[in-house]
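Here is my note on the structure you sent. The points are numbered so that you can check each one against the coordinates.

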Amino acid sequence: MLSRNYVTSLFVAVVLLAAPSIAFAASATKIGFVDVQQIMADAPQAAAASATLKKEFGSREQALKAQRDAIQQDEAKLKRNAAVMSAASKTAAEQALRKKVGAFNQAMSSFSHAFSAKRTQLLQVLQKKIYDAVVKVAKNGGYDLVLTGGVAYASKRVDLTSQVLAELKKNP
C-alpha cells in the first residue's frame, strides 16, 4: 500500500508540473493573419502609387516605344533594300541604325533606372502605411502576434486583411 506522504508528494508534483500549462491556457495568445498581396492589390495607396508612376513615366515610355518602332522599321527597310543599295549607302545606313540603337539603349537604361528608383521610393512609403495599419488593427483588436507571410493556412476567423484594408481606406 502507498503511504499517505507518497501520495501527497505525487499530487503536489503533478500540480506543480501542470501549473505552467494551466497558466499558458489561461493567457492564450491571440494570433491574426494579413494577406499583404491582397492589400497591395486592393489598397487605395497602391492604386495612387501606380497612377503616380504612370503620370511621371508614361510619356517617356511612349516615346521609347515610338523610338523602338522606328528602329524596327529602319531595320526592315535596310533588309529589304540592302541588295539594291550601293556599298557606301548600305554602310551609312547600317552606321545610322547602330547610332539609333545605341541612343535607344542609353535612353532605355536611363528610363529603367529612374523608374526603378521612383517605384522603390513609392513602395517604401506604401509598406510603411501598411505596417502602421496592421499595427493599429492589431493593437485595437488585442492581438499578440500578426503574421503576414509564410502561412500555409489561416482561417477567416484570424484573417485581418479586410480590417487592415478598411484602415488604409480611412487614411489614404
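**Notes on the predicted model**

1. Confidence in the protein is lowest in helix α1 (residues 4-26), with a mean of 50, and highest in α4, at 95. This is a predicted model, so read these scores before anything else, because pLDDT is the predictor's confidence in each residue. The protein averages a pLDDT of 86, and 84% of the residues score at least 70.

2. Next, the overall layout. The protein has five helices and two strands. Starting at the N terminus, the order of the elements is α-β-α-α-α-β-α.

3. How much of the protein counts as buried? Of its 172 residues, 20% do. The accessible surface comes to about 12,500 Å², and carbon and sulfur atoms account for 59% of that surface.

4. The contacts can also be sorted by distance along the chain. Take the contacts between residues at least 6 apart in sequence: 86% of them join residues at least 24 apart.

5. Helix α5 spans residues 161-170, and its buried residues are Thr-161, Val-164, Leu-165, Glu-167 and Leu-168. Looking down the axis of α5, these buried residues fall within an arc of 160°, so they line one face of the helix. On the other side of α5 are Ser-162, Lys-169 and Lys-170, which are exposed.

6. What do the buried residues of α5 pack against? Their partners are β1 (31-33), α2 (36-42), α3 (44-81) and α4 (87-141).

7. Glu-167 deserves a separate look. This residue is in helix α5 and has a relative accessible area of 7%. Glu-167 counts as buried because that value is under 20%. Leaving aside neighbours within four places in sequence, Glu-167 is in contact with Ala-133, Lys-136 and Val-137.

8. Ala-133 is found in helix α4 and is buried, with a relative accessible area of 4%. Residues up to four places away in sequence not counted, Ala-133 touches Val-164, Glu-167 and Leu-168. Ala-133 and Asn-171 are 38 residues apart in sequence, and their C-alpha atoms are 8.9 Å apart in space.

9. Lys-129 is also placed in helix α4. Is Lys-129 buried or partly exposed? Lys-129 is partly exposed, with a relative accessible area of 32%. Not counting residues up to four places away in sequence, Lys-129 touches Gln-45, Leu-168 and Pro-172. Lys-129 and Leu-168 are 39 residues apart along the chain, while 7.5 Å separates their C-alpha atoms.

10. Turning to the aromatic rings, the structure holds three aromatic pairs. One of them is Phe-57 with Phe-111, an edge-to-face pair at 5.8 Å centre to centre, with 80° between the planes. Phe-57 lies in helix α3 and Phe-111 in helix α4, so the pair ties together parts that are 54 residues apart in sequence. Both Phe-57 and Phe-111 are buried.

11. Phe-57 also pairs with Phe-115, again edge-to-face, at 5.4 Å centre to centre and 75° between the planes. This pair links distant parts of the chain, with Phe-57 in helix α3 and Phe-115 in helix α4, 58 residues apart. Phe-57 is buried, with a relative accessible area of 5%, whereas Phe-115 is partly exposed, at 28%. Phe-57, Phe-111 and Phe-115 form one aromatic cluster.

12. The charged end of Lys-30 sits over the ring of Tyr-143, 4.6 Å from the ring centre.

13. Lastly, Val-101 is found in helix α4. Val-101 is partly exposed, with a relative accessible area of 28%.

Note on methods:
Residues are numbered from 1 along each chain as its sequence is written. This is a predicted model: local features need pLDDT of at least 70, side-chain atom pairs count only at pLDDT 80 or more; totals for chains, interfaces and linings use all residues. Side-chain values use heavy atoms; hydrogens and water are left out. Buried means under 20% relative accessible area, exposed over 50%, partly exposed in between (1.4 Å probe, protein chains only). Helices (H or I, at least four residues) and strands (E, at least two) are DSSP runs, numbered from the N terminus. The arc is that of the directions from the helix axis to the C-beta atoms. Contact means heavy atoms within 4.5 Å. Accessible areas come from the Shrake-Rupley method with a 1.4 Å probe; for residues, only the protein chains shown count as cover. Rings of Phe, Tyr and Trp (its six-membered ring) pair if their centres lie within 6.5 Å; planes under 30 degrees apart count as stacked, over 60 as edge-to-face and the rest as tilted. A charge sits over a ring if NZ of Lys or CZ of Arg is within 6 Å of the ring centre and within 35 degrees of the ring normal. pLDDT is the predictor's confidence in each residue, from 0 to 100.
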